[in-house]
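Visitor: Please take a close look at one part of this structure, and then show how the rest is arranged around that part.

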Amino acid sequence: MRINTISAYETSAEQFFDALASWDVDLLLDTRLKNTNQLAGFTKKNDLAYFVPKLLHADYAHDKLFAPAPTMLERYLHGNIAWDAYADAYREDMREREAVPQFYDRYGEYQSVCLLGTATRKRRSHVEVLKEMLEAAHTE
């Protein structure tokens, strides 16, 4: 399985869908807590549920199991904790939820998965940590 990450922010629809197509994605896994407000633009949940199958002939799933805890995310977004502390807390949360084995149970049949998060030029996204965890488990 190939795993890539992409951000819902600071990208055009053309760049977003071209990247997914270049990776030959067969699953776009949305791991965001909030994906229905206007800030999500063309990456709103219902829009992606339509566009991904239509344009890419791929599946779209929104799975909050892999989203960061809301309080932890807010602390990071407001600068109350640094990236390293946020990433460590996210890793621990994923271990407690047994998220990695559940990922492979739910999505293990896919060949090319893209994890959708919310990185910007100023902040990183939990999906880069999730990708590392998934790849480490897959090689064991």
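Guide: R97 has a relative accessibility of 24%, so this residue counts as partly exposed. The classes used here are buried for under 20% relative accessible area, exposed for over 50%, and partly exposed in between, with a 1.4 Å probe and protein chains only as cover. The model is predicted: local features need pLDDT of at least 70 and side-chain atom pairs count only at pLDDT 80 or more, while totals for chains, interfaces and linings use all residues. Residues are numbered from 1 along each chain as its sequence is written, and side-chain values use heavy atoms, with hydrogens and water left out.

The side chain of R97 meets that of D93 in a salt bridge, at 2.6 Å from N to O. The term salt bridge stands for a side-chain nitrogen of Lys or Arg within 4 Å of a carboxyl oxygen of Asp or Glu. Side chains of opposite charge can pair when their charged atoms come close. D93 is buried, because its relative accessible area is 15%. Both R97 and D93 belong to helix 4, where four residues, about one turn of the helix, separate them. Helices (H or I, at least four residues) and strands (E, at least two) are DSSP runs, numbered from the N terminus.

R91 pairs with E132, and the closest N and O atoms of the two are 3.7 Å apart. This pair links distant parts of the chain, since R91 lies in helix 4 (residues 83-97) and E132 in helix 6 (residues 126-139), 41 residues apart. R91, at 21% relative accessibility, counts as partly exposed, and E132 is also partly exposed, with 44%. The pair belongs to a network of salt bridges that links D88, R91 and E132. The structure holds ten salt bridges, one of them between E128 and R124, again at 2.6 Å from N to O. E128 is partly exposed, with a relative accessible area of 25%, and R124 is partly exposed at 41%.

Four of them form an open sheet in the order 1-4-2-3, with parallel pairing; two strands pair if DSSP finds at least two bridges between them. The edge positions go to strand 1 (2-7) and strand 3 (59-62), each of which pairs on one side only. From one strand to the next, the twist averages 20°. Axes are lines fitted to C-alpha atoms, for helices over the stretch in contact, and angles run from 0 to 180 degrees between N-to-C directions.

Helix 1 (residues 13-22) packs on this sheet, touching strands 1, 2 and 4, and its direction makes about 180° with that of strand 1. Contact here means heavy atoms within 4.5 Å. Helix 5 (residues 99-107) lies across strands 1, 2, 3 and 4 and runs at about 140° to strand 2.

Strand 4 is largely enclosed by the rest of the structure, because six of its six residues are buried. S112, C114 and L116 point one way from the strand, and V113, L115 and G117 point the other way. In a regular strand the side chains alternate between the two faces of the sheet. Six bridges join strand 4 to strand 1 in the parallel sense, and S7 stands opposite G117. On strand 2 (residues 27-30), which also runs parallel, four bridges reach strand 4 (residues 112-117). L28 has C114 as its bridge partner, and L29 stands opposite L115.

T36 lies between strand 2 and helix 2 and counts as exposed, at 59% relative accessibility. Leaving aside residues up to four places away in sequence, T36 touches K44 and K45. The C-alpha atoms of T36 and I81, 45 residues apart along the chain, are separated by 26 Å.
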